[in-house]
Amino acid sequence: MCGRQSYCNSVSVFIRPDPFRSKNRQYSYCCTVPMHDMSDDTRDLVCGAFMGLKCIYRAGYKYKKVAVMLMSLSTERARQGTLFEEASELASLFRINALRVVGAG
């Protein structure tokens, strides 16, 4: 993000109406959406923010403020891989050979 090679693990969304307008109905809420996998892709982050907003939005309120915060930022080196991540061909061959050795032993 912004040239820092940071990855986001979750997105928090907050909405509220104007607290100084006492005639308006008041409602405020915050929602944190965990990302499936850490991401630095703007499309994933915006999608997560909209998912959070869909959960907390209530019709009939005159909202004044919305905030989106990126949570649990870390570098790529600190990023933990997932089971479903595509591995390189060399790593796949290494795993297959390791399984053969274990199976033969």
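Start by selecting Cys 8, Val 11, Val 13, Ile 15, Tyr 27, Cys 31, Val 33, Met 35, Leu 45, Ala 49, Ile 56 and Tyr 61: these 12 residues form the largest nonpolar core of this predicted model. Such a core is a set of buried Ala, Val, Leu, Ile, Met, Phe, Trp, Tyr and Cys residues joined through side-chain atoms within 4.5 Å. Buried means under 20% relative accessible area, exposed over 50%, and partly exposed in between, with a 1.4 Å probe and protein chains only.

Now colour by element. Strand S1 (6-17), strand S2 (29-39) and helix H1 (42-56) each give two or more residues to the core, and S1 gives the most, with 4. Helices (H or I, at least four residues) and strands (E, at least two) are DSSP runs, numbered from the N terminus.

Next, pick Ser 39, which lies in strand S2. Ser 39 counts as buried because its relative accessibility is 6%. Show its side chain: it reaches the backbone nitrogen of Asp 41 at 3.0 Å and makes a polar contact with the side chain of Asp 44 at 2.9 Å. A polar contact is a pair of N or O atoms within 3.5 Å; within protein, one must be able to donate a hydrogen and the other to accept it, and residues adjacent in sequence count only if both atoms are side-chain atoms.

Last stop: Ser 72, in the loop between strand S3 (63-71) and strand S4 (74-75). Check its phi, which is near 55°, a positive value in a residue other than glycine. Ser 72 counts as partly exposed because its relative accessibility is 45%.

Residues are numbered from 1 along each chain as its sequence is written, and side-chain values use heavy atoms, with hydrogens and water left out. In this predicted model, local features need pLDDT of at least 70 and side-chain atom pairs count only at pLDDT 80 or more, while totals for chains, interfaces and linings use all residues.
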